[in-house]
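Please brief me on this fold.

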Amino acid sequence: MKKKLLFIIPNLNSGGAEKALLSLLQTLDFERYEVDLLLFKKEGIFLNQLPKEVHLLPEPQNYSYFDMPLLQAVTELITKLKFKVLFYRLAAIYIYKTERIPTVREQKVWSFMKNALHNLDKEYDVAIGYLQKTANYFCIDKVKATKKIGFVHNDYRMLKLDKTIDEPYFKKFDSIVTISEVCESILKEEFPQFSDKISLMYNISSPKSIRKMAEEKVDLDSSIDTIVTVGRLNDQKGLDIAIDACKILVDNGHKLKWYIIGEGNLRPNLEQQIAENNLQSNFILLGLKENPYPYVQQATIYAQPSRFEGKSIAIDEAKILHKPILVTNFPSAKDQIEHLVNGYVVEINAKAIADGIAKLLTDKEVTNTLVLNLQKESLGTESEIEKMYQLME
């Protein structure tokens with residue numbers, strides 16, 4: 001008899017955890033498992049790439065009221081006579097107004113939101129909260145399962161989460177999984193009492209699939225040097241620093257275009273910064289792309305100017321496509337890139353990024369060495385699915 005699995009994640013918008021889940025599901029043995037997927041919002045560019053065997057559950061009833069503007073939520077709840085939900089939605093206002101750290105705000109709002117959401121009726125053999133915060137909390141509080149697994153897809157310290165909120169949830173998980181050696185080490189330092197249940201599982205990537213998708217034709221200006229970055233438009237990804245670096249490069253006479261693939265809440269700020277620096281023709285926000293690989297394939301350089309990462313799927317994919325890669329020296333960078341061996345590592349500031357890109361644009365001996373070394377690396381991680389199987393047994 002097949003084991004019943006449930007995966008939980010807020011949505012399938014473009015992001016590292018979302019892409020990692022998609023790759024995991026595409027690798028999973030459906031002869032062994034019956035798989036349900038719960039999204040808090042049925043949205044995202046990866047939705048149509050889900051394997052046909054995955055059963056998508058209805059969105060949790062009442063979740064949307066915590067995700068919509070207050071006036072709209074209050075109006076709908078009163079109209080539908082949902083006064084209990086209205087009470088908890090109004091109670092959450094205090095958190096929205098007073099908690100300045102967005103990640104902690106999400107943690108604290110759960111204490112009200114959970115009272116407005118129903119438990120799932122179906123019982124599972126294994127339930128997997130595939131992202132820190134709400135997905136993990138829902139897994140513990142709202143799901144019946146013989147075994148429960150929680151994921152942390154980032155550097156726990158850099159997320160600035162409230163440990164006192166996570167501790168009772170981590171205690172209830174059978175396993176806690178993270179995605180890089182640095183992330184694993186940090187989790188064990190932050191929660192030494194749970195060291196025996198914290199484990200490492202790399203994000204799954206398939207070189208064959210990525211290289212095939214990279215063959216798609218896209219319209220990039222090939223007459224000048226191009227830089228590509230894939231990532232959400234948020235503070236973590238350091239795109240504001242990248243704009244300043246681009247300005248330095250342009251002022252120094254480099255003819256280039258820097259393309260950003262992704263979307264996020266900082267778009268208006270970044271657009272303003274681009275305009276203020278007269279970089280509209282040099283620093284280009286392309287938005288979401290269901291298939292980013294042709295853009296990376298055609299780039300002169302792949303750049304990741306992040307302030308922090310868990311383990312960047314985008315970097316792994318650029319490695320698979322054998323691109324010269326520039327990364328900033330965030331804490332987990334060394335888990336993926338060795339300076340002057342398979343990439344170029346610089347400090348997290350605009351001048352360092354600009355100098356590093358200039359080096360890669362002009363020093364062909366360095367870039368050829370990086371590419372040659374990447375061609376020699378064994379880069380597929382499909383075998384990581386075996387770790388998942390072990391955790392679920």
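Does N278 count as buried or exposed? N278 counts as exposed, at 59% relative accessibility. Buried means under 20% relative accessible area, exposed means over 50%, and partly exposed is in between, with a 1.4 Å probe and protein chains only.

This is a predicted model: local features need pLDDT of at least 70, side-chain atom pairs count only at pLDDT 80 or more, and totals for chains, interfaces and linings use all residues. Residues are numbered from 1 along each chain as its sequence is written, and side-chain values use heavy atoms, with hydrogens and water left out. Helices (H or I, at least four residues) and strands (E, at least two) are DSSP runs, numbered from the N terminus.

**Loop residues with positive phi**

- Most residues other than glycine have a negative phi.
- N278 has a positive phi, near 55 degrees, and is not a glycine.
- N278 sits in the loop between α12 (267-276) and β10.
- L81 is not a glycine either, yet its phi is positive at about 60 degrees.
- L81 lies in the loop between α2 and α3 (83-91), and it counts as exposed at 60% relative accessibility.

**Seven-stranded sheet**

- Seven strands form an open sheet with parallel pairing, in the order β3-β2-β1-β4-β5-β6-β7. Two strands pair if DSSP finds at least two bridges between them.
- The edges are β3 (55-56) and β7, each pairing on one side only.
- Five of the seven residues of β1 (residues 3-9) are buried, so β1 is largely enclosed by the rest of the structure.
- β1 pairs with β2 (residues 33-39) in the parallel sense over seven bridges.
- β1 also runs parallel to β4 (residues 123-129), joined to it by four bridges.
- F7 has L37 as its bridge partner in β2, and F7 stands opposite I128 in β4.

- Axes are lines fitted to C-alpha atoms, for helices over the stretch in contact, and angles run from 0 to 180 degrees between N-to-C directions. Contact means heavy atoms within 4.5 Å.
- Helix α1 (residues 16-27) lies across β1 and β2, running at about 160 degrees to β1.
- Helix α17 (residues 385-392) lies across β1, β2, β4, β5, β6 and β7, at about 140 degrees to β5.
- In helix α9 (residues 181-190), the residues V182, C183, E184, I186, L187 and E190 are buried.
- Those buried residues of α9 pack against β5 (144-152), α7 (156-159), α8 (163-172), β6 (175-178) and β7 (198-200).

**Six-stranded sheet**

- Six strands form an open sheet with parallel pairing, in the order β10-β9-β8-β11-β12-β13.
- The edges are β10 (283-287) and β13 (344-346), each pairing on one side only.
- Twist averages 25 degrees from one strand to the next.
- β12 (residues 325-328) and β13 pair in the parallel sense over three bridges, and T328 has V346 in β13 as its bridge partner.
- Helix α14 (residues 313-320) packs on the sheet and touches β8, β11 (301-304) and β12. The direction of α14 makes about 165 degrees with that of β11.
- Helix α11 (residues 239-251) lies across β8 (225-230), β9 (256-261) and β10, at about 170 degrees to β9.

**Helix pair α15 and α16**

- The axes of α15 (residues 350-362) and α16 (residues 364-376) come within 5 Å and cross at roughly 90 degrees.
- That makes α15 roughly perpendicular to α16. Angles of 65 to 115 degrees count as roughly perpendicular, under 35 as roughly parallel, over 145 as roughly antiparallel and the rest as oblique.
- K359, L360, L361 and T362 in α15 meet K364, V366, T367 and L370 in α16.
- By class, the contact of α15 with α16 has four nonpolar, two polar and two charged residues. Ala, Val, Leu, Ile, Met, Phe, Trp, Tyr, Cys and Pro count as nonpolar, Asp, Glu, Lys and Arg as charged, and the others, Gly among them, as polar.

**Cysteines**

- How many disulfides are there? The count comes to zero, with a disulfide taken as a pair of cysteine sulfur atoms within 2.5 Å.
- The closest cysteine sulfur to that of C139 is in C183, 20 Å away and too far for a bond.
- C139 counts as buried at 0% relative accessibility, and C246 counts as buried at 0% relative accessibility.

**Q72**

- Q72 is found in helix α2 (residues 70-79) and counts as partly exposed at 38% relative accessibility.
- The C-alpha atoms of Q72 and P102 are separated by 22 Å, with the residues 30 apart along the chain.
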